[in-house]
Amino acid sequence: MKNTEINIVNEQNAEEAFSKQSSVFDKLYNENIIIQYKRARVRSHIEKFLQPNSNILELNSGTGEDAIYFATRSHTIHATDVSTGMQQKLTEKVYNAGLQKLITTEICSFTQLEQLKNKGPYDLIFSNFAGLNCTGELTKVMLSFSSLLKPGGRVTLVIMPGFCLWETLLAFKGNFKTAFRRFRSSHGASANVEGVKFLCWYYTPSYIIRSLESDFKVLGVEGLCSIVPPSYFENFPKKHTWLYKRLVWLENKLKSKWPWKYVGDYFIISLQKN
């Protein structure tokens, strides 16, 4: 099977998986203290660069938690996703919040942004929580950014890298499968959501920078959950409250420093169009 065919099938599987998860997604995420920390970190990073009343294109927008957050701060968001289930939940939440004038939606794959009905131009293109790790064609995705952005427009991506310190340390507990799963992902690593399997790929900040260097300059890179444990350690903040708070303080202090910006469960990277 050719790479393009693999990615098409993989996208279909990912759509099925996240549509199945859409009914429980908010409950799973909103009750997890570490996920709430991650959301706050990503939003804080974006707001360092975001101008008032910005026009935002969100990729893999899920159930719309970030779209609603930015809309309540007077930004306009075009929220896109390939998952019909996620888009349905998002639309319901937008209606209930009375934000229809600020949030529009569109089912569109980030690998087919040339087919967007709403082409902007945008002040910011934003993708949170590793949605872009679900494609082996990330370069293709990123090369479509420039035409959708205003001059000086920005891109903020939250990506899972090929090495996570916390994950690798699980080898000392005998969990070798999780500890080394990112090391075997050159052809895609298997993921399982709601019983549906699909592939994901891992990328480095340097890969993002090289792919965009002809049209963009780097604004910042931060590690996310490099010192704070990943969110699947969901009971850690409750069992070790003082230690968790200390780790949050330490990560916030070192997030942009070497090596911590490279060894997290995710990294946040922002770039600006020339």
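Let me start with S146, which touches D215, F216 and K273, leaving aside residues up to four places away in sequence, where contact means heavy atoms within 4.5 Å. S146 lies in helix α6, residues 145–148, and here helices (H or I, at least four residues) and strands (E, at least two) are DSSP runs, numbered from the N terminus. With a relative accessibility of 16%, S146 counts as buried, given that buried means under 20% relative accessible area, exposed over 50%, and partly exposed in between, with a 1.4 Å probe and protein chains only.

Before I go on, please keep in mind that this is a predicted model, in which local features need pLDDT of at least 70 and side-chain atom pairs count only at pLDDT 80 or more, while totals for chains, interfaces and linings use all residues. Residues are numbered from 1 along each chain as its sequence is written, and side-chain values use heavy atoms, with hydrogens and water left out.

Next, a pair of helices. Helix α1 (residues 3–30) and helix α4 (residues 84–97) have axes that come within 6 Å and cross at roughly 35°; these axes are lines fitted to C-alpha atoms, for helices over the stretch in contact, and angles run from 0 to 180 degrees between N-to-C directions. On the α1 side the contact is made by E15, F18, S19, Q21, S22, S23, F25 and D26, and on the α4 side by T84, G85, M86, K89 and K93. Sorted by type, the residues of this contact are three nonpolar, six polar and four charged, where Ala, Val, Leu, Ile, Met, Phe, Trp, Tyr, Cys and Pro count as nonpolar, Asp, Glu, Lys and Arg as charged, and the others, Gly among them, as polar.

I turn now to the backbone. Most residues other than glycine have a negative phi, and most peptide bonds are trans.

Which residues does the cis peptide bond with omega of about 5° join? That bond joins G120 and P121, and P121 sits in the loop between β3 (103–107) and β4 (122–127). Another cis peptide bond, with omega of about 0°, joins W258 and P259, and P259 has its place in the loop between α11 (241–254) and β9 (266–273).

As for phi, N53 is not a glycine, yet its phi is positive, at about 55°.
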